[in-house]
Amino acid sequence: MGKVTGFKEFERKDESYKPVKDRVKHYNEFTVPLKDKDLQEQGSRCMDCGIPFCHSGCPLGNLIPDFNHMVHQGEWQKASWILHSTNNFPEFTGRLCPAPCEQACVLGIIEDPVSIENIEKNIVERAFKEGWIKPQPPKTRTGKTIAIVGSGPAGLAAAQQLNRAGHTVTVFERDDAIGGLLRYGIPNFKMEKGIIDRRLAILEAEGIVFKTNVNVGVNYDVEDLKKFDAVVLCGGATERRSLPTPGIDADGVVQAMDFLTQQTKVVFGQKVKDQVLATGKNVIVIGGGDTGSDCIGTSNRQGAKSVVNFEIMPKPPGHRSPATPWPYWPLQLKTSTSHKEGVERNWLINTKEFVTNAKGKLTALKTVNVEWEMVPGERPKLIEVAGTEKTWKCDLALLALGFTGPESTIADKLGLERDVRSNYKATYGKYQTNIPNIFTAGDMRRGQSLIVWAISEGREAARQVDIYLMGKSDLATKNEEGDLVGV
């Protein structure tokens, strides 16, 4: 431990942001990095706990005290090696992960937790800048071929791990560019797409083959997958949730992911016919999660007249709830940078009708306030509050309601079993479907989840594929306690 009293001497310091009035004029990232001296001090706040609960909070098993120590010592290259030993893509998680590790930080019991996520991002950015991240192609090839379906974080992690084990890997992506939701589901102001492209250059140099505009089961026969020795399905949970509400088909009611994808394509010079725009409109975003927040930030950048956010659940407390004590992930109000750019937030509100004019265009939303009746042993019951009906002007309603599960096309055509939540069923800990050489990982297997879980799933699935093909594997894995072994 570099500085035993670091956590006593230094307060948490986070990177700052460019002013709202400036950043809403563009779609680029707007963070202002800390200086190296400040980052080293932040690394010194790590207490090097006897039992580092941050490990239990991180699905990847990142060696957090180790790389914090290296940053404090100014040993950035060693910090990069430690970080990459458990995480294939810290540049993604350092920007997009909600940092469950920080919520499990022991220092967080009495002070602000260590700024783990920001330290992680700065390690990998320093590594790219210094040229430490280089292709690591395998010295020999096994002769085994593997198809990865889906190029999101789970698919990319599985691909890199299996390629480094010596297998020949081909990644299929149905969109026109690699990255899955990282590419088109995450706005550029949260992660510029050059961040993806520089990592793809590394993966391609290592020997991974990428094929875009290939929609398995649609324009690519699933029978062709049988030519591969193993297949890993990482297509994500992409079935979008809708509402059983009158007027849902109105012109002006749009799925959030369509809205976000279109804008990202336009940012990169693509022409989008009949692009959905918030410009000059009264926008209502239904859904209070990260996707809803992304819609708010995008609507403000497009010049919306007003932006309102609806959430059917109660407003979370401003501080950690007793129901989710340390080191658990807390039920707590989250205010994102997009929220701070301008939005009216509403909780415990339910949309009753999408109102249209004679031409079928959306003009308003009718809502009612609600309460949740909680009875032990029963499902929560939604109760409407009498006399709270209200009509809201609305020209564009964005549905940011999450996803119900993976699409069924591939499972149906391959004869794969699905679980009660419609996810692709796989043997626990083995990631293996009912067809022995077909594996699945990420949101397609576990349901909608975090990017850090997707990368973990891809890594763990890769090890199981390697064992299936070769009888053993030298790829790193987490043991039953969540600790990393094999590094």
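Q: Which residues does Ser151 touch, leaving out those up to four places away in sequence?
A: In this predicted model, Ser151 touches Leu156, Val171, Phe172, Glu173, Ile178, Gly179 and Gly180. You will find Ser151 in the loop between strand 3 (145-149) and helix 10 (153-164).

Q: Why is Ser151 called buried?
A: The word buried is used under 20% relative accessible area. Ser151 has 1% relative accessibility, so Ser151 counts as buried.

Q: What makes the pairing of Ser151 with Glu173 a polar contact?
A: A polar contact needs a pair of N or O atoms within 3.5 Å, one able to donate a hydrogen and the other to accept it. The side chains of Ser151 and Glu173 are joined at 2.6 Å, and the pair is listed as a polar contact. The Ser151 side chain also reaches a backbone atom, the nitrogen of Gly179, at 2.9 Å.

Q: How many residues separate Ser151 and Gly236 along the chain, and what is the distance between their C-alpha atoms?
A: They are 85 residues apart along the chain, with 9.4 Å between the C-alpha atoms.

Q: Why is Glu206 called buried?
A: Set the value against the cut-off for buried, under 20%. Glu206 has 1% relative accessibility, so Glu206 counts as buried. Its place is in the loop between helix 12 (194-205) and strand 5 (209-211).

Q: What does the side chain of Glu206 reach, and with which side chain does it make a polar contact?
A: The Glu206 side chain reaches the backbone nitrogen of Gln136 at 2.9 Å. Its polar contact with the side chain of Arg164 is at 2.6 Å. Beyond four places in sequence, the residues in contact with Glu206 include Lys134, Pro135, Pro137, Pro138, Arg141, Gln160 and Asn163.

Q: How do you know that the buried residues of helix 6 line one face?
A: Start with the residues themselves: in helix 6 (residues 76-84), the buried ones are Trp76, Ala79, Ser80, Ile82 and Leu83. Looking down the helix axis, these buried residues fall within an arc of 165°, so they line one face of the helix. As a general point, an α-helix has 3.6 residues a turn, so residues three or four places apart point the same way.

Q: What covers the buried residues of helix 6?
A: The cover includes helix 3 (36-44), helix 5 (64-73), helix 7 (90-96) and helix 9 (116-130).

Q: What makes Arg174 and Glu407 a salt bridge?
A: The rule asks for a side-chain nitrogen of Lys or Arg within 4 Å of a carboxyl oxygen of Asp or Glu. For Arg174 and Glu407, the closest N and O atoms are 2.8 Å apart, and the two form a salt bridge. This pair links distant parts of the chain, 233 residues apart: Arg174 is in the loop between strand 4 (168-172) and helix 11 (181-184), and Glu407 is in the loop between strand 17 (403-405) and helix 15 (409-414).

Q: Are Glu457 and Arg445 buried or exposed?
A: Buried means under 20%. Glu457 has a relative accessible area of 1% and is therefore buried; Arg445, at 17%, therefore counts as buried too. These two form a salt bridge, with closest N and O atoms 2.6 Å apart. The pair joins helix 17 (residues 451-470), which holds Glu457, to helix 16 (residues 443-446), which holds Arg445.

Q: How many salt bridges does the rule give, and which residues are linked in a network?
A: The count comes to 28 salt bridges. Glu29, Arg95, Glu125 and Arg198 are linked in a network of them.

Q: Which residues does the UniProt annotation "domain: FAD/NAD(P)-binding" cover?
A: According to the unreviewed UniProt entry, this annotation covers residues 145-458. In the model, that span is 23% helix and 24% strand, and its end C-alpha atoms lie 17 Å apart.

Notes: Residues are numbered from 1 along each chain as its sequence is written. This is a predicted model: local features need pLDDT of at least 70, side-chain atom pairs count only at pLDDT 80 or more; totals for chains, interfaces and linings use all residues. Side-chain values use heavy atoms; hydrogens and water are left out. Helices (H or I, at least four residues) and strands (E, at least two) are DSSP runs, numbered from the N terminus. Buried means under 20% relative accessible area, exposed over 50%, partly exposed in between (1.4 Å probe, protein chains only). Contact means heavy atoms within 4.5 Å. The arc is that of the directions from the helix axis to the C-beta atoms. UniProt positions are given in the numbering used here, feature names are shortened, and annotations may be inferred rather than shown by experiment.
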